[in-house]
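Here's a walk through a fold, starting with a charge and a ring and then moving out to sheets and helices. Keep the viewer open while you read.

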Amino acid sequence: MTQPLDLSDFERAVFFTGAGISAESGVPTYRGRAGIWAEYDPEKVASQAAFERDPETVLAFHEQRRALVAACAPNAAHRHIAAWQADHSGVSVITQNTDGLHETAGSSDVVELHGSLWRTRCARHGVLKDRSDGPYQRRDCPECGARLRPDITWFGDMVDTTAFEEAGRRVEAADLFVAVGTSGVVWPAAGFIELAARSGARMIEINPEPSEASVAFSTQLRQPAAEALPTLFPLPAD
Ligand code: NAD
């Protein structure tokens, strides 16, 4: 185990999180034996073409995901990052997750690269919040009546350029970059790992398994996130 670090020694820290940070909350990851894509074909439930062909099946899949996530609580890793964010203005959270657990844990400033299960959107009239824990409340746009789709980046979608540009600015300015629970195989998000290393940040990976991106990290903690984070970055009051 690496010696504990004082997060306030760093001016700008980025926590770059993936599905693994929510694994201990009970949210399944996408890849691996217990992953969602072992059970579902992404082409059939998570693409614009599938939504146009069969919106009910696509919405039913996302409603199932919402119900699953609504039954999960943030874990010590989400809570620890939120506590540090409250304590230190230089802490950013950039997440690939769509589960909203960082916000539920109290993080107020989260860059969501791939959207959120808790929002829907109309191609013409933008994004609507839909934070009910049950099925999507609104199926149609109140402005034009078009069918609303989950505000999530699906296979084949363009990325959210606003979120990616904001994330890029934060990563370039970071002197500490901590990747938590990401396999580093989903692009272009995985490119932030290389950008942080190029920009000279101290690089730390927290993942029980080696990942595609491990080589970029000078410190690799092979532990679950909820165990590693509070030990590595104790809070001032701890
Ligand atoms: P991934 O499923 O590809 O990889 C998850 C990684 O987490 C793996 O490397 C695994 O070894 C690691 N991991 C598992 N348990 C862990 C733990 N307790 N602590 C730390 N690490 C742990 O996930 P990804 O890299 O985020 O990429 C997949 C894409 O799927 C992302 O774009 C994300 O949007 C999406 N996704 C989101 C959620 C969510 O919102 N919770 C869940 C599944 C997938």
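## Charges over rings

Arg66 lies over the face of Tyr136, 3.9 Å from the ring centre. Likewise, Arg149 has its charged end over the ring of Trp154, at 3.8 Å from the centre. To count, NZ of Lys or CZ of Arg has to be within 6 Å of the ring centre and within 35 degrees of the ring normal.

A word on the source: this is a predicted model, so local features need pLDDT of at least 70 and side-chain atom pairs count only at pLDDT 80 or more, while totals for chains, interfaces and linings use all residues. Residues are numbered from 1 along each chain as its sequence is written, and side-chain values use heavy atoms, with hydrogens and water left out.

## Two sheets

Helices (H or I, at least four residues) and strands (E, at least two) are DSSP runs numbered from the N terminus, and two strands pair if DSSP finds at least two bridges between them. Angles run from 0 to 180 degrees between N-to-C directions, using lines fitted to C-alpha atoms, for helices over the stretch in contact.

E8 (residues 202–206) pairs with E9 over 3 bridges, and Glu205 has Gln220 in E9 as its bridge partner.

Arg121 has Arg149 as its bridge partner in E6.

## A helix pair

H4 also packs against H8 (residues 225–232), at an angle of about 30 degrees with the axes 7 Å apart. The two helices are therefore roughly parallel (angles under 35 degrees count as such). Ala76, Ala77, His80 and Ile81 in H4 meet Ala225, Ala226, Leu229 and Pro230 in H8. The residues of this contact divide into 7 nonpolar, 1 polar and no charged, where nonpolar covers Ala, Val, Leu, Ile, Met, Phe, Trp, Tyr, Cys and Pro, charged covers Asp, Glu, Lys and Arg, and the others, Gly among them, are polar.

Conventions:
Parallel < 35°, antiparallel > 145°, perpendicular 65-115°, else oblique. Contact = heavy atoms within 4.5 Å.
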